Amino acid sequence: MLMLGFAGFMGILKIVLMALAAFGLFDAAFRREDAFRAADKQNKVFWLIILGIALVVSYLFSILSILPIAGVIASIVYLVDVRPALKGVSGGSGWGRRRGSSSDGPYGPYNGGR
């Protein structure tokens, strides 16, 4: 019974790690190439290859081996270091992003009659 629970936990963990790598891969795929250079990170192709390998390795191998652990580390590095730098350079993700501030009117910013 204990081994069945452990196998279930490891299966769920494998799915979570694959989702982490897949999210990083799709996020990197939709970023602009020049944003990677402007953020002074590796180029887009490098991150697509690394995150693609991380996704495939996390699918093929057991979580307890070294290759999926390296893939998880690569995915975490992308999500914690590269992605925020890219968002800072390109001004956000573009999904639901507000343009301007809350005090902007139809013809520009409202400054209270000053």
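Visitor: Hi! Where is Glu33 found?
Guide: In this predicted model, Glu33 is in helix α2, which covers residues 33–38.

Visitor: And is Glu33 buried, exposed or partly exposed?
Guide: Glu33 is partly exposed, because its relative accessible area of 31% falls between the 20% and 50% cut-offs.

Visitor: Which residues does Glu33 touch, leaving out those up to four places away in sequence?
Guide: Glu33 touches Asn43, Lys44 and Val45.

Visitor: Okay, zooming out. How many helices and strands does the protein chain have?
Guide: The chain has four helices and two strands. Along the sequence they run α-α-α-α-β-β.

Visitor: What about burial and surface?
Guide: Of the 114 residues in the protein chain, 26% are buried. The chain exposes about 8000 Å², and 69% of that comes from carbon and sulfur atoms.

Visitor: Now confidence. What is the mean pLDDT?
Guide: The mean for the protein chain is 83, and 78% of its residues reach 70 or more.

Visitor: Which elements have the lowest and highest mean pLDDT?
Guide: Strand β1, residues 104–105, has the lowest at 62, while helix α3, residues 44–60, has the highest at 93.

Visitor: Why does a low value matter when reading a model?
Guide: Where pLDDT is low, predicted coordinates should not be read in detail.

Methods: Residues numbered from 1 in each chain as written. Predicted model: local features only at pLDDT ≥ 70, side-chain atom pairs only at ≥ 80, totals over all residues. Heavy atoms only, no water. Buried < 20%, exposed > 50% of the residue type's maximum accessible area, 1.4 Å probe, protein only. Areas by Shrake-Rupley, 256 points an atom, 1.4 Å probe, with all protein chains shown as cover. pLDDT = per-residue confidence, 0-100. Contact = heavy atoms within 4.5 Å.
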